[in-house]
Amino acid sequence: MNSETTPVRTVIVYHSGFGHTTRMAAAVAEGADTGAVLIAIDSEGNISDAAWQSLADADAIVFGSPTYMGGPSWQFKKFADASSKPWFEGTWQNKIFGGFTNSASMNGDKLSTLEYFFLLSGQHAGIWVGLDIKPANVKASKRDDLNRMGSYIAPMAQTPADASPEEMSLGDLETARLYGVRVALIAGQFRSGKSQPI
């Protein structure tokens, strides 16, 4: 089976504190479609050996975490620190990368979390995929519009602190799903057009 017929392997690795980031991760995976794998970082910041292998085999890696205190959760940071082994070995070099985050406040310093993901992908010599959806920023805009957070680097979601995952904005989730489509599409284009290591 060649790269033209093998499904793009997108791996979404994320930590979720209360289920909201899990729902975003599922939306990204739905968009990425065939071959998408969800890896949940556990409450101690760990993933299994099989999960590390899935990341090594991936065409695209998407990071996810809630934004806590101006950055990703400590569990995600522990995972990021543990990625120094694939960094040293160059395992993730030239892979496609993306990310997403959620917080309770409209701003909540979510950009800092996405920038953290972007820098982490850069340290791994990866290629970042931005968001291609124009912001919903007019008076007629609604809570369930696409990209209502006005992010370009990657999807952001906002969920009130007392809202359940089931009450998340459908627009935020659809933005995440469409981002998954874009990440997988670009990963497929990159893979099929790459004949020599960069």
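**Solution.** The model is a predicted one, in which local features require pLDDT of at least 70, side-chain atom pairs count only at pLDDT 80 or more, and totals for chains, interfaces and linings use all residues. Residues are numbered from 1 along each chain as its sequence is written, and side-chain values rest on heavy atoms, with hydrogens and water left out. Helices (H or I, at least four residues) and strands (E, at least two) are DSSP runs, numbered from the N terminus. Buried stands for under 20% relative accessible area, exposed for over 50%, and partly exposed for values in between (1.4 Å probe, protein chains only).

**Exercise: another loop residue.** Where does Ala125 lie, and is Ala125 buried, exposed or partly exposed?

**Solution.** Begin with the position: Ala125 belongs to the loop between H5 and strand S6 (127-128). Next, take the accessible area, which is 34% in relative terms, so Ala125 is partly exposed.

**Exercise: overall form.** Describe the order of the elements in the protein and compare its radius of gyration with that of a compact globule.

**Solution.** Count the elements: there are six helices and seven strands. Read from the N terminus, their order is β-α-β-α-β-β-α-α-β-α-β-β-α. The radius of gyration is taken over C-alpha atoms, and the globule rule is 2.2 Å times the number of residues to the power 0.38. For 198 residues a compact globule would have a value near 16 Å, and the protein agrees because its own value is 16 Å. The C-alpha trace spans about 50 × 35 × 25 Å along the principal axes. As for burial, 46% of the 198 residues count as buried. Contact requires heavy atoms within 4.5 Å. Among contacts between residues at least 6 apart in sequence, 79% join residues at least 24 apart.

**Exercise: H1 and H6.** At what angle do helix H1 (residues 20-32) and helix H6 (residues 170-193) pack, and which residues make the contact?

**Solution.** Axes are lines fitted to C-alpha atoms, for helices over the stretch in contact, and angles run from 0 to 180 degrees between N-to-C directions. The packing angle of H1 and H6 is about 40 degrees, with the axes 6 Å apart. H1 is therefore oblique to H6. Angles under 35 degrees count as roughly parallel, over 145 as roughly antiparallel, 65 to 115 as roughly perpendicular and the rest as oblique. The handedness of this crossing is right-handed; a crossing is left-handed if the near helix is turned anticlockwise from the far one by less than a right angle, and right-handed if clockwise. On H1, the contact residues are Arg23, Met24, Ala27, Val28, Glu30, Gly31 and Ala32, and on H6 they are Leu170, Leu173, Ala176, Arg177, Gly180, Val181 and Ala184. By class, nine are nonpolar, two polar and three charged. In this scheme Ala, Val, Leu, Ile, Met, Phe, Trp, Tyr, Cys and Pro count as nonpolar, Asp, Glu, Lys and Arg as charged, and the others, Gly among them, as polar.

**Exercise: H3 and H5.** How are the axes of helix H3 (residues 74-82) and H5 arranged?

**Solution.** The axes come within 12 Å and cross at roughly 10 degrees. H3 is therefore roughly parallel to H5. Phe76, Lys77 and Ala80 of H3 meet Tyr116, Phe117 and Leu120 of H5. The residues of this contact comprise five nonpolar, no polar and one charged.

Exercise: For Ser83 and Val8, find the location and the contacts beyond four places in sequence.

**Solution.** Ser83 sits in the loop between H3 and helix H4 (84-89). Its relative accessible area is 1%, so Ser83 is buried. Ser83 touches Trp52, Trp92, Leu120 and His124, with residues up to four places away in sequence not counted. Val8 lies in the segment before strand S1 (10-14). With a relative accessible area of 13%, Val8 is buried. On the same exclusion of residues up to four places away, Val8 touches Thr34, Gly35, Asp59, Ala184, Ala187, Gly188 and Arg191. Val8 and Asp109 are 101 residues apart in sequence and 32 Å apart in space, C-alpha to C-alpha.
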